[in-house]
Amino acid sequence: NVVPTAVKINLINMLSETGLQVIEATSFVSPKWVPQMADHTEVMQGINKLPGVSYPVLTPNLKGFQAAVAAGAKEVSIFGAASELFTKKNINCSIEESLERFDEVMTAARAASIPVRGYVSCVLGCPYEGKISAAKVAEVSKKMYSMGCYEISLGDTIGIGTPGSMKEMLTAVMKEVPVGALAVHCHDTYGQALANILVALQMGVSVVDASVAGLGGCPYAQGASGNVATEDLVYMLNGLGIHTGVDLQKLMDTGTFICNALNRRTNSKVSQASCRL
Amino acid sequence: QESEASGLPEYIKIVEVGPRDGLQNEKVIVPTDIKIELINRLSRTGLPAIEVTSFVSSKWVPQMADHKEVMRGIERHPGVQYPVLTPNLQGFHSAIAAGATEVSVFGAASESFSKMNINCSIEESIEKFEEVAKSARNMNIPVRGYVSCALGCPYEGNVIPAKVAEVSKRLYSMGCYEISLGDTIGVGTPGSMKRMLEAVMKEIPLSALAVHCHDTYGQALANILTAIQMGVAVVDSSVAGLGGCPYAKGATGNVATEDVIYMLNGLGINTGVNLYTVMEAGNFICTALNKKTNSKVAQASFNTGTIN
């Protein structure tokens with residue numbers, strides 16, 4: 001179901017109040033492909049932008065980049081993949097071709113002093129190819145970092161990874177990209193996300209992607225979960241004495257808001273446990 | 001070996017608590033034949049230990065009223081242990097008469113929890129368990145000790161690691177061969193797990209320790225990972241994540257065996273357990289209970305139609 005623009009804006013505004021420093025706001029992709037993000041310009045222009053908070057947006061190509069900047073975006077993201085088949089199915093070109101498209105965005109971004117975050121999908125497995133070699137992930141990450149991405153977010157797109165494969169993959173990537181420029185984007189489809197994130201933290205990664213209330217299912221396994229819940233992540237980091245600057249209660253309240261608006265249950269266990277019915 | 005190089009145990013023993021801890025915390029009373037079928041299916045998965053039932057008064061725990069029939073009705077596979085809970089000497093004798101060859105006793109690291117749960121102090125409960133342990137020793141029956149509230153208590157809140165170590169030591173000294181440390185309300189995190197284990201490991205040899213993590217706050221696998229990184233090689237779990245949390249309505253309880261095995265397989269750690277057959281057993285009991293599985297691996301696998 002397409003979420004009304006006002007709800008999206010309210011969600012982002014509430015997230016801005018939690019202490020989160022980065023909130024991925026929308027995607028400047030054609031509404032033909034992603035109807036949910038058709039209101040990207042209105043969202044970008046409608047949100048309160050708190051000082052000290054970044055609101056990156058996805059820009060799959062130069063056209064999207066230009067629309068994003070025109071709408072007021074100050075940071076953009078590009079999405080690569082470590083799997084040829086995934087790239088073909090997802091954006092209908094090869095990895096190499098996708099990087100050439102991104103190069104155009106990089107050039108324009110550099111000229112406009114806009115930071116670019118790079119995502120690598122399928123780092124621990126691909127829904128089409130199955131196993132993905134750590135060396136391939138390292139190769140794509142290196143290319144994107146060399147192109148000028150300030151940070152590379154390594155995505156376990158189908159949540160299939162375990163602490164074993166996470167460790168192996170990060171070991172390979174850390175040979176090519178400094179750990180300070182790495183982030184992990186774990187999916188909880190097989191319940192492995194927090195364990196995988198823990199391993200990444202133990203290896204020195206200090207940027208973690210998560211989604212409030214665990215929003216976002218898995219398009220490759222119907223009914224299965226996708227993103228790891230920000231509440232559950234923050235709960236773990238709090239328990240480890242790691243500072244995030246995020247207020248867990250405000251985060252839970254935000255999760256409650258969006259779940260009510262979407263008429264769905266939260267995927268956050270912390271939220272479920274904390275709500276005494 | 002991948003697991004050797006990483007400092008993790010090569011083999012981890014999984015103790016399956018679904019038929020007892022799991023079913024005890026499910027609202028629906030499960031017919032005896034379903035319980036027996038579940039246990040028989042679990043016996044064929046390679047699981048080395050399956051907690052079968054509890055010899056407690058049916059007044060307190062109606063779900064376990066059929067303990068004798070279950071104990072007598074299950075297949076006993078060679079190489080598989082079938083421990084049962086025995087809260088006191090009476091329960092112990094009843095268990096032995098019904099054919100039990102291993103028993104468990106449940107202590108707690110919190111006075112309030114002990115009082116609310118079994119209506120006596122920690123010290124009084126230890127005295128009862130000592131009676132059980134003594135009889136068990138005479139009959140060569142191994143006893144497993146549980147310590148509840150190891151990472152937090154629903155009444156007292158914070159629980160100090162030293163208290164967990166103290167209670168663990170009492171249980172170990174009376175002859176329990178293994179101490180299972182339970183995060184009863186799932187509030188623990190890798191931080192508190194580490195601190196607690198460090199304290200307990202000063203008193204109990206590592207090889208005698210197990211962790212029993214609840215996934216109420218989604219922390220179970222991360223907590224288990226922390227424990228096995230510290231050398232713990234016995235992990236309790238429940239097929240399909242059976243067993244909610246009696247202290248947080250609607251919240252989950254036990255960690256799902258399927259999800260634990262998935263993680264251990266990915267780490268190259270041997271468990272001897274066939275993940276697919278556990279998922280099938282989970283599917284069986286969830287169908288019988290008319291409920292959705294709490295295992296994410298099962299959810300993901302049955303929906304794609306493939307098992308990874």
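This is a predicted model: local features need pLDDT of at least 70, side-chain atom pairs count only at pLDDT 80 or more; totals for chains, interfaces and linings use all residues.
Strand β5 of chain B spans residues 143–148. Six of its six residues are buried, so β5(B) is largely enclosed by the rest of the structure. The burial applies to both faces of the strand. On one side lie V143(B), G145(B) and V147(B), and on the other R144(B), Y146(B) and S148(B).

β5(B) pairs with strand β4 of chain B and with strand β6 of chain B, as set out below.

| Partner of β5(B) | Residues | Sense | Bridges |
|---|---|---|---|
| β4(B) | 103–108 | parallel | six |
| β6(B) | 178–183 | parallel | four |

Towards β6(B), G145(B) has I179(B) as its bridge partner. Between β5(B) and β6(B) the chain passes through helix α8 of chain B, residues 161–173, in a β-α-β crossover that is right-handed.

**Residue K269(A)**

K269(A) belongs to helix α11 of chain A, which covers residues 269–274. Its relative accessible area is 15%. Because the limit for a buried residue is under 20%, K269(A) counts as buried.

Which residues is K269(A) in contact with, leaving aside its neighbours within four places in sequence? In chain A there is D232(A). From chain B come D215(B), T216(B), Y217(B), G218(B) and T252(B). K269(A) of helix α11 is thus a buried residue with contacts in chain A and in chain B.

Conventions
Residues are numbered from 1 along each chain as its sequence is written. Chains are lettered from A and ligands numbered from 1 in the order in which they are written. Side-chain values use heavy atoms; hydrogens and water are left out. Buried means under 20% relative accessible area, exposed over 50%, partly exposed in between (1.4 Å probe, protein chains only). Helices (H or I, at least four residues) and strands (E, at least two) are DSSP runs, numbered from the N terminus. Two strands pair if DSSP finds at least two bridges between them. A crossover is right-handed if, with the strands pointing away from the viewer, the path from the first strand over the helix to the second runs clockwise. Contact means heavy atoms within 4.5 Å.
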